[in-house]
Amino acid sequence: MQTHVIRTNWIEGKQVINPEDLKVVADLLIAGETVAFPTETVYGLGANALSEEAVAKIFTAKGRPSDNPLIVHISHLEMLDDLIRERQEYTEALMDAFWPGPITFVFKKSDKVPLITTGGLDTVAVRMPSHDIACAIIKASDCPIAAPSANLSGKPSPTKPEHVVEDLRGRVAAIVAGEEANVGLESTVLDVTGPVPMILRPGAITKEMVASVVGGCEIDQALVSSDEKPRSPGMKYKHYAPVAEVTTYIGDNAIFIEQLMGLVAQAIESGEKIGVMVFEEDLAVLNIMLMGLYPKAVLDAHVFLLNEGSVKHQEVLARQLFTHLRACDEAGCSKIAIHGVSEAGIGHAIMNRLKKASEGRIVTLR
Ligand code: TXA
Ligand code: MG
């Protein structure tokens, strides 16, 4: 399949797509084709959510298991009524507080939404993104757009257009290439079918933020204990994993740096390259220690250092996480060591993704 790559521009602080291109994209979506586009969380791969044939193309392009439901994206509230059967009273306040934005609500679905979109479930996940281009595309096509993250199934979600091109060129009708995604992690998925909302997938909108609006918020037990079956089907799959083997280290930074010195020595000895993701606060110390021990050429060949940003601004780590995991693969790293965070605030979402990427390799330093 020929994939049309469409550029966008920045005009007066806004990301825009020119009107002719927007028409091309809308026509493709109306004709039942797939189009990848930027959102504030990660890039999405869109198709008409109400067309079985169109949605089937998303599953094929991504290699996605058919029981993993899609999120339906809308550009204005009127589009919601057609998609859902009923809703709890408290959802009004949540939509007011967080839409448009990085949160998805799971409602009871209407008959209009085909089962292929919801992975056979009686519920439908809906999100109103805040991204200018995403909204313009949904509006122009005038249909709800099912859009999972625009990666091949199992790979880290795409935060830059080049990630989408790498995974999906030749598999989708068009890719709209915008800027790097601002949030960098997928939306919070919140089940609002019960009397108290429940987080099924943590994201930038945290449990505390939800509770501050409606008084309470639960967390799917599967996010806490691996013995429980997750309520969000997508959470059971291995996800977000780069090719390199990721290990997440939790705890004191001085001990982490000590540990890293050992890992670097091992990488040099075995002829491998290690990706090292550390907070800005530790980067200078680590660099000085490494440069005191090894020649630059040896470090260049065996160590790929990535700055996670300040430990005080974890939204920077969230934004860069998937980009950095993919960059380690590109740099030829066979292993990645990353300094994890505590599970407070956005740290909950960061650690949720890191646990998946690490496939159980979580080391607590003491
Ligand atoms: O930020 C995002 O949510 C991005 C952008 C493109 O909007 N989309 C995204 O979609 O991450 P995807 O398909 O990669 O992840 C959707 C998640 C999966 O874990 C899926 O199982 C869950 O949402 N989900 C979808 N519909 C659901 C439903 N009816 N009940 C429970 N979980 C649902
Ligand atoms: Mg995904």
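Strand 6 (71-73), strand 9 (123-127), strand 12 (188-191) and strand 13 (198-201) each put at least two residues into the lining of the largest pocket. Strands here are DSSP runs (E, at least two residues) and helices likewise (H or I, at least four), numbered from the N terminus. This is a predicted model, where local features need pLDDT of at least 70 and side-chain atom pairs count only at pLDDT 80 or more, while totals for chains, interfaces and linings use all residues. Residues are numbered from 1 along each chain as its sequence is written, and side-chain values use heavy atoms, with hydrogens and water left out.

Back to that pocket. Strand 9 gives the most to the lining, with 4 residues. The lining has 47 residues, and Arg64, Asn68, Pro69, Ser232 and Gly234 lie nearest the centre of the pocket. By type, the lining splits into 19 nonpolar, 18 polar and 10 charged residues; Gly counts as polar here, and Asp, Glu, Lys and Arg as charged. The volume comes to about 770 Å³. A pocket is an open set of points on a 1 Å grid, where a 1.4 Å probe fits, with protein on both sides within 12 Å along at least five of seven lines, and lining residues have an atom within 4 Å of a point.

Now the salt bridges. The structure holds 16 of them, each being a side-chain nitrogen of Lys or Arg within 4 Å of a carboxyl oxygen of Asp or Glu.

| Pair | N to O distance |
|---|---|
| Glutamate 33 and lysine 57 | 3.2 Å |
| Glutamate 40 and arginine 127 | 2.7 Å |
| Glutamate 359 and arginine 361 | 3.8 Å |

Glutamate 33 sits in the loop between helix 1 (19-30) and strand 4 (35-37) and lysine 57 in helix 2 (residues 52-62), so this pair ties together parts 24 residues apart in sequence. Glutamate 33 is partly exposed at 22% relative accessible area, and lysine 57 is too, at 32%. For burial, the cut-offs are under 20% for buried, over 50% for exposed and partly exposed in between, using a 1.4 Å probe and protein chains only.

Glutamate 40 and arginine 127 make a salt bridge that links distant parts of the chain: glutamate 40 is in the loop between strand 4 and strand 5 (44-48) and arginine 127 is in strand 9, 87 residues apart. Glutamate 40 is buried at 8% relative accessibility, as is arginine 127 at 2%.

Glutamate 359 is partly exposed at 45%, and arginine 361 is partly exposed at 26%. Elsewhere, salt bridges with shared partners join Lys155, Glu166, Asp167 and Arg326 into one network.

Definitions and conventions: Chains are lettered from A and ligands numbered from 1 in the order in which they are written. Grid points are joined across faces, edges and corners, and a volume is the space filled by probe spheres set on the points.
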